[in-house]
Amino acid sequence: GGYVTRQGVFTETFLAERDKQSKWSGIPQLLLKLYATSHLHSDFIECQNILKEISPLLSMEAMAFVTEERKLTQETTYPNTYIFDLFGGVDVKILMRPTISIRGQKLKISDEMSKDCLSILYNTCVCTEGVTKRLAEKNDFVIFLFTLMTSKKTFLQTATLIEDILGVKKEMIRLDEVPNLSSLVSNFDQQQLANFCRILAVTISEMDTGNDDKHTLLAKNAQQKKSLSLGPSAAEINQAALLSIPGFVERLCKLATRKVSESTGTASFLQELEEWYTWLDNALVLDALMRVANEESEHNQASIVFPPPGASEENGLPHTSTRTQLPQSMKIMHEIMYKLEVLYVLCVLLMGRQRNQVHRMIAEFKLIPGLNNLFDKLIWRKHSASALVLHGHNQNCDCSPDITLKIQFLRLLQSFSDHHENKYLLLNNQELNELSAISLKANIPEVEAVLNTDRSLVCDGKRGLLTRLLQVMKKEPAESSFRFWQARAVESFLRGTTSYADQMFLLKRGLLEHILYCIVDSECKSRDVLQSYFDLLGELMKFNVDAFKRFNKYINTDAKFQVFLKQINSSLVDSNMLVRCVTLSLDRFENQVDMKVAEVLSECRLLAYISQVPTQMSFLFRLINIIHVQTLTQENVSCLNTSLVILMLARRKERLPLYLRLLQRMEHSKKYPGFLLNNFHNLLRFWQQHYLHKDKDSTCLENSSCISFSYWKETVSILLNPDRQSPSALVSYIEEPYMDIDRDFTEE
């Protein structure tokens, strides 16, 4: 009996001899037998017995590996799994394909056997580097694993293995290649669907977008050109595949909004825990759950008994004993683990190509009112004593499920209300009536979208989601990492065409004072939080006289105003949206004949400061100076648009030549001639390429500035006019020897 491995041919006697010296635990001999018994005509009972022998040898090590990993000890070796892999164990046919055809007939291998195979593969992946990557390269194997999920018995194992494999797979798996995807998913129960969402997360997110704001626009434009010729990405195809499954979004909404009490009963919950336990779930949830259980049991004297692996409900779990009454926080944790996966999937779908279809469904299936009802009890619940943290992390680290759920929830709110009529579903009936009353009182027409909101789909209860969010936002500790996400979510509610009623609704709830408190009194240092608070402040104050009055009332001393300016000037990338909003508001106020406006204009420190030409020039100079075509990103391109807003308003007043002349003077005094204006010229050429592209959305620029896009385009062309006689052309202000304006900016 020879034995072919990747290393050559061995005989059984040789293996037995070596085994004694090397402590190989008999694995090579077992593999040899496995090879012999796993061909087409073999007796699978024998096969299964061998697998049963191999399996514990590996899981023992995996258990050790996972516990060791937490202690981060020095390099430990895992001989059994290493030998198993070395002798070709991973490639044994039976492990790779547990359904075998004999003369066209399919023999189904028992669930038990699949379970052993999966367990062996998973444990080898855990302990031996490179195995997961090798499995990931076998596309048909990965697709095959999906089909194993039809069996309840092997579901968790399969899901965990797939999740690990997809984590290292280079190219994304295509869900439309999974046979009968639709019936597979439709047959999942809610618990399986929630676990399946963990796998879906990897398949529907674009692989290389990383942090979108930080990618340069040049790179993104190049990427877009490329993908136009390639057609939709795998992630987009996968999103479409999921959306075509009947009832898919509806079931996700149900999962996201079910109450903890509606989730599974104790018995099936324990069973799943037991499976996790024997299957070493890779989120190491168990650790966390056990800790909570112990803490609670110290309070309640009720302890949790884990059934021995393999115990069934009848004999292993006493039904009535108080000892199996699961601690409530354990159930909550379980529900949180599920919900954050589900919310992630919904969030990605909301931002994808089928955005409008998903929006309609989410509204119809009442996701928002459902989340509103869970807000206090689950999403923003008071932390339990343990503030449950997954192994080895401190409490402020962002990886505890509690924290991740909150961030997922805020991201969902942000993508839900961003430039979409449905955002008014975040209010309840009373609050919607309040919006109408504000419009009525101010004598302005009601917002179309408010009138069109289907009142049967809005939030119920004392408060809607938006006002609940404001409440927790105000209580958030100064250095909390949630502030950024909270501000982004509220800001996206205000975005789009400025609505006076929306602003007043938030102003009446003290939002402006809260923002100023954070920026000025607590002198917030975090760049991210400052940026989101400045953006929110800009949206809240834009064109709103009452907001400027409130601002003035709060920032009522020069000392406070200086702190505010210091925060603005500390980073214009973060504060320029506010500068833009104040500049636009000033321009509108100056053109209004109204007592209230006149009063605010005469009193407000901020408006007085922005109205001075030197202030505007200083902003303009710095805004142009911090960006270059090569470094433009989604985040800092706003600096370019803000500088254009300042110049467009100057052009309206026929002061464009004056501003350009002043820029030229500043350039001479600060550095050397041409360094700023050449850069600006290049930036504007890029602007034309970027915004005049046929599928670019220019309505955003129009809505946020109330300046028509044609005026934007004209202003840019006037500035780029090559005629050196034109008083409004940039080239008229760059002396010939310093001219450097026709750089090519393909990716450098």
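**Exercise 1. Helices α21 and α25**

Task: How do helix α21 and helix α25 pack in this predicted model, and at what angle?

Solution. 
Step 1. Locate the helices. Helix α21 covers residues 401–417, and helix α25 covers residues 482–494.
Step 2. Describe the pair. Two packed helices are described by the angle between their axes and the distance between the axes. Here the angle is about 20° and the axes lie 7 Å apart.
Step 3. Classify the angle. Angles under 35 degrees count as roughly parallel. Therefore α21 and α25 are roughly parallel to each other.
Step 4. α21 passes α25 in a left-handed crossing.
Step 5. List the contact residues. From α21 come I403, K406, I407, L410, R411, L413, Q414 and S417. From α25 come F482, W485, Q486, R488, A489, S492 and F493.
Step 6. Sort them by class. The contact of α21 with α25 has eight nonpolar, four polar and three charged residues.

**Exercise 2. Helices α11 and α13**

Task: At roughly what angle do the axes of α11 and α13 cross? Which residues of α11 and α13 meet?

Solution. 
Step 1. Locate the helices. Helix α11 is residues 190–204, and helix α13 is residues 234–243.
Step 2. Read the geometry. The two axes come within 8 Å and cross at roughly 135°.
Step 3. Classify the angle. Angles over 145 degrees would count as roughly antiparallel, and 65 to 115 as roughly perpendicular. The crossing of roughly 135° makes α11 oblique to α13.
Step 4. List the contact residues. L200, T203 and I204 of α11 meet A234, A235, N238, Q239 and L242 of α13.
Step 5. Sort them by class. Five are nonpolar, three are polar and none is charged.

**Exercise 3. Cysteines**

Task: How many disulfides does a search of the whole structure find?

Solution. 
Step 1. State the count. The search finds zero disulfides.
Step 2. Check the distance. A disulfide needs two cysteine sulfur atoms within 2.5 Å. The closest cysteine sulfur to that of C518 belongs to C524, 7.0 Å away, so the gap is too far for a bond.
Step 3. Check accessibility. C518 has a relative accessible area of 1%, so C518 is buried. C706 has 41%, so C706 is partly exposed.

**Exercise 4. S575**

Task: Is S575 buried or exposed? Which residues does S575 touch, not counting residues up to four places away in sequence?

Solution. 
Step 1. S575 lies in helix α31, residues 572–590.
Step 2. Apply the cut-off. Buried means under 20% relative accessible area. S575 has 0%, so S575 is buried.
Step 3. Name the contacts. Leaving out residues up to four places away in sequence, S575 touches F534 and I568.

Methods
Residues numbered from 1 in each chain as written. Predicted model: local features only at pLDDT ≥ 70, side-chain atom pairs only at ≥ 80, totals over all residues. Heavy atoms only, no water. Buried < 20%, exposed > 50% of the residue type's maximum accessible area, 1.4 Å probe, protein only. Axes fitted to C-alpha atoms, helices over the stretch in contact; angles between N-to-C directions. Helix = DSSP H or I, 4+ residues; strand = E, 2+ residues; numbered from the N terminus. Contact = heavy atoms within 4.5 Å. Nonpolar A, V, L, I, M, F, W, Y, C, P; charged D, E, K, R; others polar. Left-handed = near helix turned anticlockwise from the far one by under 90°.
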